[in-house]
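Here is a briefing to read alongside the sequence and the 3D view.

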Amino acid sequence: MTIRPILIHPDPRLKTLSRPVADLSDELRQLASDMLETMYDAPGIGLAAPQVGVLERLIVLDCVKEEGEPPQPLTMFNPTVLAVSDEKNVYEEGCLSIPEQYAEVERPAEVTVSWLGLDGKEHRQDFDGLWATCVQHEIDHLDGKLFIDYLTPMRRQMITRKMQKLKRERTRA
Ligand code: K1U
Ligand code: ZN
């Protein structure tokens with residue numbers, strides 16, 4: 001397994017619509033495994049393939065936050081939101097592609113998602129709480145959308161400028 005570098009906003013690959021996965025090749029299984037390792041190492045609770053520069057519809061997540069609880073990694077190819085609740089939830093979101101910036105985002109509190117699993121079978125599950133927020137955040141990445149796109153243009157611009165500065169500093173270091 002390999003820890004892959006995570007792209008930092010702004011990057012055109014983070015604004016691009018990703019293509020559906022056709023077949024579960026060994027290469028894609030390796031990518032999914034690398035993404036889980038990269039997510040745990042960061043640390044984060046989710047990661048989408050475009051964040052490591054691969055424009056395919058693949059996400060991983062594990063929202064178990066309690067110390068000592070067994071991990072619950074989920075790997076989803078071609079995840080699709082089938083239904084959303086009318087009830088909304090506000091959560092302070094972060095993003096591994098926008099380090100150290102957090103903002104409250106309102107999303108449906110519950111979602112039903114279908115996906116192709118590592119076993120090659122179709123899965124369908126209801127999510128709530130942090131899992132619902134995270135799976136929507138990750139699917140947004142596949143559609144070229146970031147959590148800052150839910151903020152006011154002024155706040156988004158402020159965060160984007162901070163990220164441009166961070167990238168310049170990292171290039172110089
Ligand atoms: O997609 C990503 O960039 C990962 C992101 C997912 C996410 C976080 C919060 C709300 C929705 C989606 C992160 O994992 S940011 C890091 C983070 O939230 C975290 C890190 C360690 C422990 C707990 C949370
Ligand atoms: Zn993110």
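Predicted model: local features only at pLDDT ≥ 70, side-chain atom pairs only at ≥ 80, totals over all residues.

Residues are numbered from 1 along each chain as its sequence is written, chains are lettered from A and ligands numbered from 1 in the order in which they are written, and side-chain values use heavy atoms, with hydrogens and water left out.

**Helix α2**

- Helix α2 covers residues 129-142, and its 14 residues reach 21 Å from the first C-alpha to the last, close to the 20 Å expected at 1.5 Å a residue, where the expected span is 1.5 Å times one less than the number of residues.
- Helices (H or I, at least four residues) and strands (E, at least two) are DSSP runs, numbered from the N terminus.
- Because 13 of its 14 residues are buried, α2 is largely enclosed by the rest of the structure; buried means under 20% relative accessible area, exposed over 50%, and partly exposed in between (1.4 Å probe, protein chains only).
- Just after α2, Gly 144 takes a positive phi of about 75°.

**Nonpolar cores**

- A nonpolar core is a set of buried Ala, Val, Leu, Ile, Met, Phe, Trp, Tyr and Cys residues joined through side-chain atoms within 4.5 Å.
- The largest such core has 17 residues, and those touching the most other members include Ile 59, Leu 61 and Val 135.
- At least two residues of this core are supplied by each of β2 (58-61), β3 (74-84), β6 (111-116) and α2, with α2 giving the largest share, seven residues.
- Leaving aside neighbours within four places in sequence, Leu 61 is in contact (heavy atoms within 4.5 Å) with residues including Met 39, Trp 131 and Val 135.
- A second, separate core of 16 residues includes Ala 32, Ala 49, Leu 58 and Leu 116.

**Zinc site**

- The zinc ion (ligand 2) is coordinated by Cys 95 (SG), His 137 (NE2) and His 141 (NE2), at 2.1 to 2.3 Å; donors are N, O and S atoms within 2.8 Å of the metal (3.2 Å for Na, K and Ca), and water is not among the atoms, so sites may look incomplete.
- Cys 95 in strand β4 (residues 88-95) and His 141 in helix α2 link distant parts of the chain, being 46 residues apart.
- Cys 95 counts as buried at 8% relative accessibility, and His 141 counts as buried at 2%.

**Arg 168**

- Arg 168 lies in helix α3 (residues 153-172) and is partly exposed, with a relative accessible area of 49%.
- Arg 168 and Ser 114 are 54 residues apart in sequence and 40 Å apart in space, C-alpha to C-alpha.
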